[in-house]
Amino acid sequence: MNVNSTNTSPAFNFMSWLALVGGVVVYLIGLWRSDMALNERGYYFSVMLLGLFASVSLQKTVRDRIEGIKTSHIYYIACVASFAIAILLLAIGLWNATLLPSEKGFYAIAFFLCLF
């Protein structure tokens with residue numbers, strides 16, 4: 001089996017980890033300092049965890065397919081669906097939230113920073 005693996009540079013890896021950790025930290029600090037009820041904070045925290053898990057699983061599945069490692073098609077579909085659901089849940093939550101537009105933008109940017 002030929003494996004066509006391209007290695008990324010250390011700078012790319014460092015910036016990826018910095019974006020992930022930075023996005024999560026900023027998102028969590030925003031939740032901590034918000035005036036939301038505890039159940040609202042839990043909702044946004046759960047959406048972030050679902051999005052992170054779906055994003056990492058989807059990236060790993062796509063990389064495995066590129067490298068020729070067999071993966072289940074149903075798992076791939078589940079990863080894509082979970083990723084889309086996480087984004088949809090955040091969008092619905094922010095649309096219906098009684099937050100300032102700048103706060104909504106803050107959460108959306110931090111969320112996408114840690115996912116992508």
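Me: Hi! How do the axes of H2 and H3 cross in this predicted model?
Reply: The axes of H2 and H3 come within 8 Å and cross at roughly 150 degrees. Axes are lines fitted to C-alpha atoms, for helices over the stretch in contact, with angles from 0 to 180 degrees between N-to-C directions. H2 and H3 are therefore roughly antiparallel, a label for angles over 145 degrees.

Me: Left-handed or right-handed, that crossing of H2 and H3?
Reply: Left-handed, meaning the near helix is turned anticlockwise from the far one by less than a right angle; clockwise would be right-handed.

Me: And which residue classes are in that contact?
Reply: The contact of H2 with H3 has 18 nonpolar, seven polar and one charged residues.

Me: Switching over, how do H2 and H4 sit?
Reply: Their axes come within 9 Å and cross at roughly 30 degrees. H2 and H4 are therefore roughly parallel, as angles under 35 degrees count. This crossing is right-handed.

Me: Which residues meet there?
Reply: From H2, Val-47, Met-48, Gly-51, Leu-52, Ser-55 and Gln-59 meet Phe-111, Cys-114 and Leu-115 of H4, with contact meaning heavy atoms within 4.5 Å. By class they are six nonpolar, three polar and no charged.

Me: Where is confidence lowest and where highest?
Reply: Mean pLDDT (the predictor's confidence in each residue, from 0 to 100) is lowest in H4, at 85, and highest in H3, at 93. The chain's mean is 87, and 95% of its residues reach 70 or more.

Me: What should I know about numbering and cut-offs?
Reply: Residues are numbered from 1 along each chain as its sequence is written, and side-chain values use heavy atoms, leaving out hydrogens and water. Local features need pLDDT of at least 70 and side-chain atom pairs count only at 80 or more, while totals for chains, interfaces and linings use all residues.

Definitions and conventions:
Helix = DSSP H or I, 4+ residues; strand = E, 2+ residues; numbered from the N terminus. Parallel < 35°, antiparallel > 145°, perpendicular 65-115°, else oblique. Nonpolar A, V, L, I, M, F, W, Y, C, P; charged D, E, K, R; others polar.
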